[in-house]
Structure formats: structure tokens, C-alpha cells
Amino acid sequence: MSRESKAIPKMIGIENEYGCLIRSKLGNYYTDEGGAPFVWGFKPEWFSFARSGAWDPTARLRDSHMSDNDAHEYFKDTRWQSLLNFLMPNGARFYLDMAHPEICIPICRNPLEALLHDRACEWMMNFIREKHYEVYGNEYRLFKNNTALGDELGGRRSIDSGVSYSTHENYLVSRGVSIKELVAKELPFLVIRTVLTGAGKVWAQNGQPHADYQLSQRSDFFGHTIGLHTTGTSRPIKNFRDHPYADHTRFRRVHVIPGDGNMCEMAEFLKLGLTSIMFMMIEDGFLDDRFSLVNPVSDFHQISRDIYFREKIHLSEGVSKRPIDLMKEYADLMWEYFETFGIRDEILRMAVTEARRLLGLLDSHMEDCFGELDHVTKRMLIEGAIEKGRVSSWRDAKAKMMDVQYANINPTEGLFYRPKTYARMKKLLTEVEVERAVFSPPPTRSRFQVEVNKRFGVVSWDWQKTFIAMRDRRELFVVCTDDPSIPWEKLEGLLCDDREEFFNRCTEAGMTSPNFFPANISDSYRFVDTEASEFSTSTEQGGDSLKCLKKMREIEGDEEFLHKKWLEELRKFLEQKKGFLTEREDEE
Amino acid sequence: MAEQKKINPEGEKPEEEASEVPVSPELQKKAEEAKERLDDLMDEIDEILEENAEEFVKTYVQRGGE
């Protein structure tokens with residue numbers, strides 16, 4: 001008799017900052033100035049999607065007399081990001097984040113759907129790249145990777161120190177799971193999963209000792225176990241961000257930051273699938289402390305550099321094991337979890353079956369992981385080039401160039417997407433499915449936003465809120481979807497072609513707010529004190545967790561004040577642009 | 001069954017060059033066959049390598065992100 005699972009639907013989000021270069025008009029070289037024009041020059045019409053839900057940023061810039069630098073700082077402010085998010089035809093969010101073009105997948109229901117939309121987002125980025133050339137004559141290079149030369153400290157170090165940018169994952173987890181549980185159990189998994197999910201990197205950065213090759217792109221930039229921050233030279237493996245875009249009393253959006261962007265569909269599928277299952281096990285109280293690590297940060301670095309899986313890491317009980325063996329233990333435990341709770345989900349079972357197969361291969365016939373795991377694929381391509389004398393050694397710049405070009409999403413330039421190479425990559429999806437997905441949002445609140453946008457135009461939006469103009473164009477109403485796992489059937493019933501009727505239906509469903517923001521913004525951080533009390537200062541990690549959580553409470557005060565200011569500024573802006581909404585309504 | 005690769009008892013880190021990995025002849029043959037299959041892909045790799053690598057690496061500069 002199987003136990004009943006209390007795990008809530010593992011909705012998934014992914015945020016991908018792309019590396020971006022623009023070819024200079026002054027000479028035959030590329031610069032890092034490409035991010036802003038790549039995003040701000042985007043026209044939703046390129047996808048025959050006129051009502052994008054964003055104010056045209058170029059119009060704002062025209063009026064503002066700001067220099068490009070100031071404009072960038074201004075638009076970097078998160079208060080304005082909801083005005084500059086482009087809602088894409090599949091419900092994705094396209095915008096500029098810290099000088100990088102970023103695209104977030106719509107909210108997806110499972111790892112395969114998330115993989116599909118991540119590929120669709122990649123497809124869109126490549127399409128936008130082509131359109132930029134066609135329309136403006138600008139040539140861009142885009143890389144779905146996570147590191148480059150540059151200086152995280154803004155010019156205080158040499159560019160050799162290196163920078164990193166994100167592929168973040170987001171998982172819907174029950175608020176019922178304590179923060180202490182997450183810190184204890186999520187952390188070791190994120191370190192150990194690197195053996196399967198790492199995207200591979202040539203050389204080292206950020207002052208770390210040299211390596212010819214590593215499994216992880218990002219590990220050099222991680223120096224803390226826990227923290228609130230997502231940037232800089234010492235990032236936390238377990239990030240404390242707690243902004244769920246949902247009913248805070250029921251849901252967490254767990255923000256996972258140390259992962260790499262994957263090109264191989266199998267690697268990405270495993271990353272999303274296994275991590276989802278790990279959170280489910282926590283929700284069902286099935287994951288115990290057996291994987292706790294004594295030194296998670298140094299383990300993360302070691303695992304990244306141990307490319308033949310020989311070295312052991314120390315677990316808290318004084319036991320040490322190889323990370324690949326620990327990953328096998330995780331997979332076995334996941335299978336036991338399925339049996340114990342009678343979980344038949346085909347997609348999740350496939351993730352574990354494939355993980356077990358690949359873990360076995362990694363230990364015995366690593367080359368058979370070619371096309372399925374990025375760190376193996378990339379390594380074999382470079383090793384092959386070295387053996388054939390095309391590249392002199394791992395220290396050759398050619399090796400590094402192959403590493404970077406592996407993730408170039410232009411199929412005429414990128415190594416992964418070269419026709420013969422790409423034909424050897426394992427596919428879980430077809431090209432037709434991916435292209436179709438560009439215009440097919442998943443049946444989640446993302447589809448709801450796309451459908452609302454098509455009918456009425458969305459003035460502004462974030463994952464939780466959709467701002468729609470009332471008929472007189474002077475006032476907005478906001479529709480709030482507080483449950484990221486809300487079934488499509490419930491949302492579909494609200495849709496209609498008449499604006500007033502739509503407003504009435506949403507109001508009856510309790511989903512409109514008379515204010516611009518859901519009431520009780522301060523509730524967002526209501527749990528901070530309770531969560532902080534889970535930790536004592538007797539351990540370093542406990543003390544640090546406590547500090548992080550108290551810091552979040554400080555931020556709450558700021559947030560409320562900032563949101564009120566934002567509201568005033570939005571109203572002023574509307575006043576100035578009274579005619580704007582009328583113009584956009586007339587667009588086809 | 002996984003072949004247990006021991007850390008050098010002296011405590012030194014093992015070499016990371018592929019040629020130094022101790023494998024059985026059978027596994028070595030399999031690895032060689034796999035690498036031969038990569039021969040087909042060499043012309044595509046050559047296309048990538050046409051670009052000046054030093055220039056490419058030196059100019060792949062970005063700002064810090066999240």
C-alpha cells in the first residue's frame with residue numbers, strides 16, 4: 001500500500017542571461033555593448049505579436065534626454081522592469097538584466113515542458129538576432145553560457161579575473177517546507193548534481209587555481225554556502241531569494257542559482273527533472289541528512305575539477321564518498337521514493353532511469369555520454385581536436401574558443417549546432433515541436449497572460465500580476481493569479497472578448513485588486529521571523545542564515561516604500577502618455 | 001561495474017591528461033573507437049578554428065551578471 005504524496009506540482013521557471021557581443025561599425029571587432037540595443041531594438045511585430053505588454057522603451061528614451069549609461073541604470077531599476085518586460089508569444093519574458101539580454105521561460109508544469117520552452121526561447125533569441133541584422137544591419141553573437149572575461153568588481157581588477165551570468169532555475173515548493181530543511185538538503189544536491197549537469201569549461205577564473213578543464217562553468221564564482229545575493233565574486237550555493245509571485249502563505253519559489261546553461265537536451269532534462277524530484281522528496285519527508293557535506297563550497301570546486309571522478313568528498317558522519325557514487329545513491333533513493341509513494345509519472349521516472357544509465361556510463365564508458373552530457377561532449381570535441389593536431393594543448397586559446405563557440409546559438413557559427421555535430425546530439429524534442437512551442441504557451445497562467453494580451457493589450461505585467469487598461473484608458477485594473485499551479489480550465493473560463501465582462505468575471509473570481517498591488521505587500525515577508533527562528537547562532541551556517549533572513553525583513557520595508565513611489569510615477573507617466581494606449585489599440 | 005580509481009596514496013592530485021588515465025586494453029579500444037567517430041566532425045571543428053583564437057578569446061568580454 002503506497003503512501004500518499006503531499007508534494008505540490010513542481011512548476012518550473014528558468015532565467016537565462018545570454019552572453020552578447022555586437023560587431024562594431026568602426027572596425028572588424030566585437031564589443032560588449034550589445035545587450036541594451038539587442039533588447040531595446042526588439043519589435044514585438046517580428047513575431048506578429050503587436051501588443052507586447054511593454055511600453056516602447058525607445059520612445060521613453062527619446063523623451064528622457066538621458067545618456068545611454070544613465071538610461072541603462074534607470075531601466076536596471078527593478079521598479080521599471082515590469083514596464084520593460086516583453087511578453088513573448090509563448091508567455092516568456094524577454095528583457096535586459098545587468099547589460100545581458102535575458103529570457104525567462106513561461107511557467108511550465110514539468111521538466112519536459114520546461115525543456116521545450118527553454119529551446120523555444122533559444123530559438124527566439126536566434127530569430128531576434130537574425131532580425132536585428134535584417135532590420136538594422138547589426139551583427140550580434142549570442143552565447144547560452146555563463147562566463148566570460150571581464151571584471152565583477154567594475155574595473156578594479158583585470159578582465160582576466162572573469163565574470164559570470166546566470167542560468168537560474170525556479171521550482172514551486174510548499175511553504176510548509178521549512179527554510180532549515182531547504183538549507184540542509186537542497187545544498188548538497190546542488191553541489192553533487194554537477195557530475196551530470198555541468199556544462200564544462202576550459203580554464204579557471206576569479207582567482208581560482210588553474211585547471212585545464214572543469215565540469216562546471218560557474219563553480220569558480222561560488223564562495224558561500226548561503227546568501228541573499230546573486231552577483232559578484234563569491235556567490236551562495238543556496239540562495240535565499242523569497243519572492244514567489246504567488247500566495248506567500250502557501251508557496252515558495254525556490255531560486256536555484258549555481259547551475260549552468262545546457263545545450264544538450266538530455267543534460268538539461270536531467271537537471272530539471274532530478275532537482276524537481278529532490279524537492280518533492282523534501283516535501284514528503286523522504287530525504288534525510290545522509291548527503292550533508294562538511295565543506296560544500298570547496299566540494300563544489302573540487303567536483304568541478306575532478307573530471308575523472310576519482311576523488312571523494314566528506315559527508316557529515318565522517319564518511320567520504322565519490323560524488324558520482326553519491327549521485328547514484330540519490331537516483332536509487334528517488335526510485336525508492338517513486339515506489340513508496342506510488343508515483344507513476346512517466347517524465348519523472350524517465351529522468352531517474354536516464355540518470356542511472358548515464359551515471360553508469362560516466363564511470364565505465366564516458367565517451368558514450370557524448371551528445372547527452374555537455375561536459376563530456378565539449379571535452380571530447382576539444383580532446384579530439386588536440387589529438388588530431390588542430391589544437392596544440394588545453395592551454396591553447398583555440399581550446400578556449402571551442403569552449404565558448406560550443407554555446408553560440410547561431411547555427412552557422414556555433415560548435416554544438418554545426419549540422420554533423422548537432423546530428424550526433426541526443427534529442428528529446430523535434431525541431432517542429434520547438435518551433436511550434438514559440439507560439440504555444442503552456443496551459444498555465446502564462447497562457448492566460450498571452451491570451452489576455454491578445455484581446456486587450458497588457459499595459460504591464462509580472463509573473464503574478466497583469467495590468468489592463470479600463471475602457472477610458474485612464475485607469476488600470478490588475479488581475480492577480482496567486483497560484484502558479486492553477487489549472488488552465490479555471491483561467492480559461494475568465495477569458496472573453498469584452499473588456500467590461502472580463503473585468504467582472506475576474507472580480508467575481510476574486511482576482512482583481514482595487515489597488516495596483518495585491519493587498520498586504522508586507523505579507524510577502526511575513527514568514528521571515530518564523531523562519532529566522534529555525535536557526536540558532538551556534539553554528540556558522542545557522543548564524544549566517546539568521547542574518548540573511550533578517551536582511552530580507554529590512555528589504556521588505558524598502559519594497560513597500562518603493563512600490564508606492566512606483567505607483568505614483570506610473571500614474572504620472574500615464575497622464576503624460578494619455579494618447580499612448582489609444583495608439584496601441586489601433587495597432588493590428 | 002565502476003572501476004574504483006584510487007587517489008594517489010601520497011596525497012597528490014592525479015594528472016588530468018587523458019593519456020595518463022589507467023584503463024584496461026578493452027576500455028582503451030572502446031575509447032579509441034569513440035574518438036575515431038569524432039573524425040567525421042573534424043571539418044566542422046576546423047571551420048570554427050578558422051577564426052583567430054587569441055583575438056576571439058581576448059575580446060569575449062562581458063559585464064558581470066546574476
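What pLDDT does chain B average, and what percentage of the residues score at least 70?

Reply: Chain B averages a pLDDT of 71, and 56% of the residues score at least 70, where pLDDT is the predictor's confidence in each residue, on a scale from 0 to 100. This is a predicted model, in which local features need pLDDT of at least 70 and side-chain atom pairs count only at pLDDT 80 or more, while totals for chains, interfaces and linings use all residues. Residues are numbered from 1 along each chain as its sequence is written, and chains are lettered from A and ligands numbered from 1 in the order in which they are written.

Over residues 1-20 of chain B the pLDDT stays under 50, and the model has 15 contacts beyond four places in sequence for this stretch; two residues are in contact if their C-beta atoms, placed from the backbone, lie within 7 Å. Where pLDDT is low, the predicted coordinates should not be read in detail. For the complex, the predictor gives an ipTM of 0.89 and a pTM of 0.89.

The next step is to see how chain B meets chain A. The contact takes 34 residues from chain B and 50 residues from chain A. Helix H1 (25-37), helix H2 (42-49) and helix H3 (53-59) of chain B each supply at least two residues of the side that touches chain A; here helices (H or I, at least four residues) and strands (E, at least two) are DSSP runs, numbered from the N terminus. The largest share of that side, six residues, comes from H2(B). By class, the side of chain B that touches chain A has 18 nonpolar, four polar and twelve charged residues, with Ala, Val, Leu, Ile, Met, Phe, Trp, Tyr, Cys and Pro counted as nonpolar, Asp, Glu, Lys and Arg as charged, and the others, Gly among them, as polar.

Among contacts in chain A between residues at least 6 apart in sequence, 67% join residues at least 24 apart.

Chain A contains an open sheet of six strands in the order S4-S5-S6-S1-S10-S15, with antiparallel pairing; two strands pair if DSSP finds at least two bridges between them. Its edge strands are S4 (86-87) and S15 (251-256) of chain A, each of which pairs on one side only. Within the sheet, S1 (residues 12-17) and S10 (residues 167-174) of chain A run antiparallel and are joined by five bridges, and A:Gly13 stands opposite A:Asn170 in S10(A). Helix H5 (residues 111-136) of chain A packs on the sheet, touching S1 and S6 (100-104) of chain A, and its direction makes about 25 degrees with that of S1(A); axes are lines fitted to C-alpha atoms, for helices over the stretch in contact, and angles run from 0 to 180 degrees between N-to-C directions.

The length of H5(A) can be checked, because at 1.5 Å a residue its 26 residues should span 38 Å, and its end C-alpha atoms, 37 Å apart, agree with this. The expected span is 1.5 Å times one less than the number of residues in the helix. Just after H5(A), A:Gly137 takes a positive phi of about 75 degrees.

Most residues other than glycine have a negative phi, and most peptide bonds are trans. A:Ala99, in the loop between S5 (93-97) and S6 of chain A, has a phi near 70 degrees, a positive value in a residue other than glycine, and it counts as buried because it has 20 C-beta neighbours inside 10 Å. A:Tyr245, in the loop between S14 (235-239) and S15 of chain A, has a positive phi near 50 degrees, and with 20 C-beta neighbours inside 10 Å it too counts as buried.

Technical notes. Buried ≥ 20, exposed ≤ 12 C-beta atoms within 10 Å, placed from the backbone.
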